[in-house]
Amino acid sequence: MKRIGVTGHRSIPLEALAHVSAGLRAVLCGHQGSMEALSSLAVGADQLFADIALDCGAELTVVIPSSDYEQGFSGPEELAGYRRLKGLATREVRLAFPFSTDEAYYAAGAYIADHCDRLLAVWDGLPARGHGGTGDIVRYARGLGKPVTVIWREGLRRA
């Protein structure tokens, strides 16, 4: 079974959404054989990746950074999206952090990088805004020698 993980921005500019979706779909639906998709299901890239992966027949593994993770979603719609995808997951990995801190987010991203064969990064190429952000996880995965595919519309920056 091929394992593909994701790291990416929570906010994807509207101008980049079609490009990012098509890039994720090309990788996830173009894969032959069984596939496991690893995601923390944060708003934005993580949930988009999970939706497309499920659509392409992958088994979803959810990596939950902390006990209070659900409290970090901004409103009922965001939380409902998370819970819907979590309910469709085949496996759930819960990290032992009690609170959603940068350290917990970094650990979740590192877990995904450690356990995938390939990492998809929905990333504008800029440094992480906080410890455990997309840039940090890309650097970590590359340090492990993992193949990292960056999916982003050139010339755009996240909000």
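This is a predicted model: local features need pLDDT of at least 70, side-chain atom pairs count only at pLDDT 80 or more; totals for chains, interfaces and linings use all residues.
Reader: Which pattern does the protein follow when read along the sequence?
Author: The secondary structure comes to five helices and six strands. These are DSSP runs numbered from the N terminus, with helices being H or I of at least four residues and strands being E of at least two. Read along the sequence, the pattern is β-α-β-α-β-α-β-α-β-α-β.

Reader: What radius of gyration does the protein have?
Author: The C-alpha atoms fill a box of roughly 35 × 35 × 35 Å along the principal axes. The radius of gyration is taken over C-alpha atoms, and the globule rule is 2.2 Å times the number of residues to the power 0.38. For 159 residues, a compact globule would have a value near 15 Å, and the protein agrees with this at 14 Å.

Reader: What percentage of the contacts with a separation of 6 or more comes from residues 24 or more positions apart?
Author: Contact means heavy atoms within 4.5 Å. Among contacts in the protein with a separation of 6 or more, the share from residues 24 or more positions apart is 78%.

Reader: How many salt bridges does a search of the whole structure find?
Author: Side chains of opposite charge can pair when their charged atoms come close. The criterion for a salt bridge is a side-chain nitrogen of Lys or Arg within 4 Å of a carboxyl oxygen of Asp or Glu. Over the whole structure, the search finds nine.

Reader: How many residues apart are Arg25 and Asp55?
Author: Arg25 and Asp55 form a salt bridge, with the closest N and O atoms 3.2 Å apart. The pair links distant parts of the chain: Arg25 is in helix α1 (residues 14-29) and Asp55 is in helix α2 (residues 45-55), a separation of 30 residues.

Reader: Are Arg25 and Asp55 buried, partly exposed or exposed?
Author: Relative accessible area is computed with a 1.4 Å probe on protein chains only; buried means under 20%, exposed over 50%, and partly exposed in between. Arg25 has 36% relative accessibility and therefore counts as partly exposed. Asp55, at 57%, counts as exposed.

Reader: Where is Leu41 found?
Author: Leu41 is not a glycine, although it has a positive phi of about 60°. Leu41 has 0% relative accessibility and so counts as buried. Its position is the loop between β2 (35-39) and α2.

Reader: Which element supplies the largest share of the lining of the largest pocket?
Author: On a 1 Å grid over the protein atoms alone, a pocket is an open set of points with protein on both sides within 12 Å along at least five of seven lines, a cavity is a set where a 1.4 Å probe fits but cannot get out, and lining residues have an atom within 4 Å of a point. Grid points are joined across faces, edges and corners, and a volume is the space filled by probe spheres set on the points. The largest pocket holds about 530 Å³, and of its 29 lining residues, the closest to its centre are Gly8, Arg10, Gly132, Gly133 and Thr134. The largest share, five residues, comes from α4.

Reader: Which residues is Thr134 in contact with, leaving aside neighbours within four places in sequence?
Author: Thr134 is found in helix α5 and is buried, with a relative accessible area of 7%. Beyond those neighbours, its contacts are Thr7, Gly8, His9, Val122, Trp123 and Ala128.

Reader: Which residues line the largest cavity?
Author: The structure holds one cavity of 30 Å³ or more. About 40 Å³ of space lies in the largest cavity. Its lining consists of Arg10, Tyr69, Gly72, Phe73 and Tyr105.

Notes. Residues are numbered from 1 along each chain as its sequence is written. Side-chain values use heavy atoms; hydrogens and water are left out.
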